[in-house]
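Hi,

Here is the structure I promised to pass on to you. Have a look at it first, and then read my notes below.

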Amino acid sequence: MDSQFTIRPTTLADAEILCDLGPRTYIASHGPFITSKDELNNYLRQNYALDVVRGELSNPSLHFFIAFAASGRPVGFLKLRPCALPVPQMQPDSQEIQRLYIDDQMQGKGIGKALMHSAYTLLRDRDIHHVYIGVYEGNAKAIAFYTKLGGILCGQHTFYVGNTGYINPIYQITF
Ligand SMILES: CC(C)(COP(=O)(O)OP(=O)(O)OC[C@H]1O[C@@H](n2cnc3c(N)ncnc32)[C@H](O)[C@@H]1OP(=O)(O)O)[C@@H](O)C(=O)NCCC(=O)NCCS
């Protein structure tokens with residue numbers, strides 16, 4: 001792994017970190033795509049309330065990894081959950097990379113790929129060898145990243161922020 005960062009699974013004590021990192025990185029990456037700032041703010045308030053995040057960190061079905069810069073600053077995270085995407089003929093144990101966000105200034109250093117590999121390692125131990133990811137159709141950078149990692153387009157769904165729907169192609173990565 002690149003010595004400029006480290007990655008570890010989360011504990012309940014990481015809730016405040018995710019409540020800061022999650023909204024910040026979502027606004028930076030998706031803010032320009034979201035048409036209503038009220039819907040964006042409500043979405044972030046609902047998903048990153050401290051009790052919501054604590055509940056998720058306590059949920060044994062969910063797995064988070066956080067990346068830290070050499071300084072100790074949290075700079076990215078990944079959230080894995082049982083797949084909730086509408087994938088045809090999905091196997092029952094399928095998992096989804098629901099969130100993967102790296103701070104703007106730390107992108108392009110291998111952190112996203114390393115977080116993905118942390119998820120692969122966890123899943124391989126359970127004999128799971130593929131994941132699904134839904135990504136906004138206008139997010140060319142993330143689509144290029146997942147394609148580089150071997151992602152194959154396998155469907156699409158509409159992701160809602162408030163009442164506004166955004167088309168998200170779904171990718172499958174086999175590892
Ligand atoms: C998409 C994202 C997670 C990628 O993480 P990253 O740390 O910047 O990517 P990495 O440095 O690990 O790159 C891994 C590989 O993908 C390639 N890659 C990354 N971004 C790329 C791009 N825009 N175009 C082409 N290739 C790209 C890299 O060249 C690298 O290839 P290599 O393994 O041959 O060296 C990151 O840019 C990000 O957080 N974006 C904003 C949030 C977001 O959109 N998340 C996805 C939501 S679904």
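A word on terms before we start: two strands count as paired if DSSP finds at least two bridges between them. Please also keep in mind that this is a predicted model.

Let's begin with a pair of strands. β6 (residues 152-161) and β7 (residues 164-174) run antiparallel and are joined by nine bridges.

Next, helix α4. Its 14 residues, 111-124, reach 20 Å from the first C-alpha to the last, close to the 20 Å expected at 1.5 Å a residue. Buried in α4 are Ile111, Gly112, Leu115, Met116, Ser118 and Ala119. Seen down the helix axis, the buried residues of α4 fall within an arc of 150°, so they line one face. The face turned away from them carries the exposed Thr121 and Arg124. What do the buried residues of α4 pack against? Their partners are the strands β1, β2, β3, β4 and β5, together with α5 (140-148).

Finally, the ligand. There are 18 residues around it, and those that come nearest are Ser29, Gln107, Gly112, Lys113 and Ala144. β4, α4 and α5 are the elements that give two or more residues to this shell. The largest share, five residues, comes from α5. By type, the shell divides into eight nonpolar, six polar and four charged residues.

Happy exploring!

Methods
Residues are numbered from 1 along each chain as its sequence is written. This is a predicted model: local features need pLDDT of at least 70, side-chain atom pairs count only at pLDDT 80 or more; totals for chains, interfaces and linings use all residues. Helices (H or I, at least four residues) and strands (E, at least two) are DSSP runs, numbered from the N terminus. The expected span of a helix is 1.5 Å times one less than its number of residues. A residue is buried if 20 or more other C-beta atoms lie within 10 Å of its own, exposed if 12 or fewer, and partly exposed in between; C-beta atoms are placed from the backbone. The arc is that of the directions from the helix axis to the C-beta atoms. Two residues are in contact if their C-beta atoms, placed from the backbone, lie within 7 Å. A residue is near a molecule or strand if its C-beta atom, placed from the backbone, lies within 6 Å of it. Ala, Val, Leu, Ile, Met, Phe, Trp, Tyr, Cys and Pro count as nonpolar, Asp, Glu, Lys and Arg as charged, and the others, Gly among them, as polar.
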